[in-house]
Amino acid sequence: MAALPAEKADIRVYVNTLFDCLKSWCYSDTAGLPQNRDASSFLANVYMLPVDRAMLAKGYNYFRYMDDIKIACVSEHDARKALKALSLELRNRGLSVNSGKTTIVSRDQGDDDISKYLDAGDTELQQIDSVWQTRSLRPIRASGD
């Protein structure tokens, strides 16, 4: 992609800032990628932003945390269309859907099955949700640690 000299200078600043962040997030100065929650979340969100925007622009009820994606649809047909759209968007980023972890859940299935796929029973998520319901700033900040 062509860029003007001023744009190239801005890009260099952004890249250098990213490398500075990566160095501060890593446990080793010589090897490895950052594995802590803040670095991984930040990098995933930056990398996946085009996918997020595309899926939302197409009108999908799309939710993502890191590499865990859920799309709520009104029918199985719509779910298959959404999965195809997601697959195409991921391919644009050099990624793919893990077919072994991909499931279309119908509203005809029992509540237990649906809850399993929505993480409704996850204790940690329930605790985080409970903290956020308090709307108290101190516990909310601590929930991110």
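The side chains of Glu 89 and Lys 58 are joined by a polar contact of 2.9 Å (a polar contact being a pair of N or O atoms within 3.5 Å, of which, within protein, one must be able to donate a hydrogen and the other to accept it, while residues adjacent in sequence count only if both atoms are side-chain atoms). The structure is a predicted model, in which local features need pLDDT of at least 70 and side-chain atom pairs count only at pLDDT 80 or more, whereas totals for chains, interfaces and linings use all residues. Residues are numbered from 1 along each chain as its sequence is written, and side-chain values use heavy atoms, with hydrogens and water left out.

Lys 58 and Glu 89 also form a salt bridge, with their closest N and O atoms 2.9 Å apart; the term denotes a side-chain nitrogen of Lys or Arg within 4 Å of a carboxyl oxygen of Asp or Glu. Because Lys 58 lies in the loop between H2 and S1 and Glu 89 in helix H3, the pair ties together parts that are 31 residues apart in sequence. Helices (H or I, at least four residues) and strands (E, at least two) are DSSP runs, numbered from the N terminus. Glu 89 is buried, with a relative accessible area of 14%, whereas Lys 58 is partly exposed at 45%. Here buried means under 20% relative accessible area, exposed over 50%, and partly exposed in between, for a 1.4 Å probe and protein chains only. When residues up to four places away in sequence are not counted, Glu 89 touches Val 51, Ala 54, Met 55 and Lys 58, contact being defined as heavy atoms within 4.5 Å.

In total, 4 salt bridges were found by this rule. One of them joins the side chains of Arg 64 and Asp 52, at an N to O distance of 2.7 Å. This pair links distant parts of the chain, since Arg 64 belongs to strand S1 (residues 61-65) and Asp 52 to helix H2, 12 residues apart. Both residues of the Arg 64 and Asp 52 pair are buried, and the relative accessible area of Asp 52 is 13%. The side chain of Asp 52 also makes a polar contact of 2.7 Å with that of Tyr 62. Apart from neighbours within four places in sequence, Asp 52 is in contact with Tyr 62 and Arg 64.

A further salt bridge, of 2.7 Å from N to O, is formed by the side chains of Arg 80 and Glu 76. Both residues, Arg 80 and Glu 76, lie in helix H3, 4 residues apart, which is about one turn of the helix. Glu 76 is partly exposed, at 43% relative accessibility. In general, side chains of opposite charge can pair when their charged atoms come close.

The largest nonpolar core comprises 9 residues: Met 48, Val 51, Met 55, Tyr 60, Tyr 62, Ala 82, Ala 85, Leu 86 and Leu 90. Such a core is a set of buried Ala, Val, Leu, Ile, Met, Phe, Trp, Tyr and Cys residues joined through side-chain atoms within 4.5 Å. At least two residues of this core come from each of helix H2 (37-57) and helix H3 (76-92), and H3 gives the most, with 4 residues. Ala 85 touches Met 55, Lys 58 and Tyr 60, residues up to four places away in sequence being left out.
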